[in-house]
Amino acid sequence: MGKGGSLSDGVIKKILLSYTYVAIWIFLSFTVIVYNKYILDKKMYNWPFPISLTMIHMSFCATLAFLLIKVFKVVEPVSMSRELYLSSVVPIGALYSLSLWLSNSAYIYLSVSFIQMLKALMPVAVYSIGVLFKKEGFKTDTMANMLSISLGVAIAAYGEAKFDTWGVMLQLGAVAFEATRLVMIQILLTSKGITLNPITSLYYVAPCCFVFLLVPWIFVELPVLKETSSFHFNFVIFGTNSLCAFALNLAVFLLVGKTSALTMNVAGVVKDWLLIAFSWSVIKDTVTPINLFGYGLAFLGVAYYNHSKLQALKAKEAQKKAAQADEEGGRLLEERESEGTDKKSESQN
């Protein structure tokens, strides 16, 4: 078909690859969430030790990240001084460990569907903390949108059949710590020109998380684990669970690297609805009409927020291209003027 045909084939291939990356990420994210719920829920595998599970994930991921960077050299490490590590990576690691600990703890008390509904508050938390740290400008229309998302989540919470106050507090705490971590990445790393992909992030952050979690683990879970003599560590369950958690980080790397962060946000929405459907149909969690109405309202708010961010990004990109075009035009004009002056000088000579 010639040039047009090959271009069309290339576009189709790119679209298919994008959908493949999205499908892989949704599958792995879905699997990790359901697998963690299965392990931690007292009605399922009945191993309610979220700190221990998170520490297993961190040690597994840190080991694989070390092998990929130092042994197989698949990914280049980032040049980082001890001072930078202590001042930038350690605070991010502390926030990440708290976020993972609390979010995994919430699975013991709340249904998968309700947890996904509460996670819709993430843009609200990120924006609010961004404004607090002066990384985001306060805008009345954006704040109104954040309030609509919060209202939707509040309605979903009101309609929750198995509402657990402690579980909700844990999940909201996880959202707050995760949002703070995302803002701190911008302040402590991105502003200094340091970009970490998911593999280098695990290489630097996972050992730090493990150390932070070790302290509460010694006092909270270790005494209980010592008394649980009947438990035998199942390498198949915990090994595959940790492998899925690591593979999810690789999928994030592929999805954002090959598509965009916005694609990941859209894929996240699809994953949330799939998890709600799975939670209702397979796990047999109760999902009420008020739940769905509230989450639907929050979903519309999140979709509008993502759309606004995309439009702002496009406008910024257009301004950047216009500035580059003006600069290029000015340079060409200078070159022509210089050439004209040179020719004039030659004719006079």
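The model is predicted, so local features need pLDDT of at least 70, side-chain atom pairs count only at pLDDT 80 or more, and totals for chains, interfaces and linings use all residues. Residues are numbered from 1 along each chain as its sequence is written, and side-chain values use heavy atoms, with hydrogens and water left out.

Within H6, pick Thr142, Asn145, Met146, Ile149, Gly152, Val153, Ala156 and Ala157, which are buried (under 20% relative accessible area, with exposed over 50% and partly exposed in between; 1.4 Å probe, protein chains only). Seen down the axis of H6, the buried residues fall within an arc of 140°, so they line one face of the helix; the arc is that of the directions from the helix axis to the C-beta atoms. Turned away from that side are the exposed Thr140, Asp141, Leu147 and Tyr158.

Next, select Phe238. Phe238 touches Ile39, Tyr45, Trp47, Leu53, Ile56, Phe231 and Phe233, leaving aside residues up to four places away in sequence (contact: heavy atoms within 4.5 Å).

Finally, show the whole chain. Twelve helices and zero strands make up its secondary structure. Of its 349 residues, 42% count as buried. The C-alpha atoms fill a box of roughly 100 × 50 × 50 Å along the principal axes.

Note on methods. Helix = DSSP H or I, 4+ residues; strand = E, 2+ residues; numbered from the N terminus.
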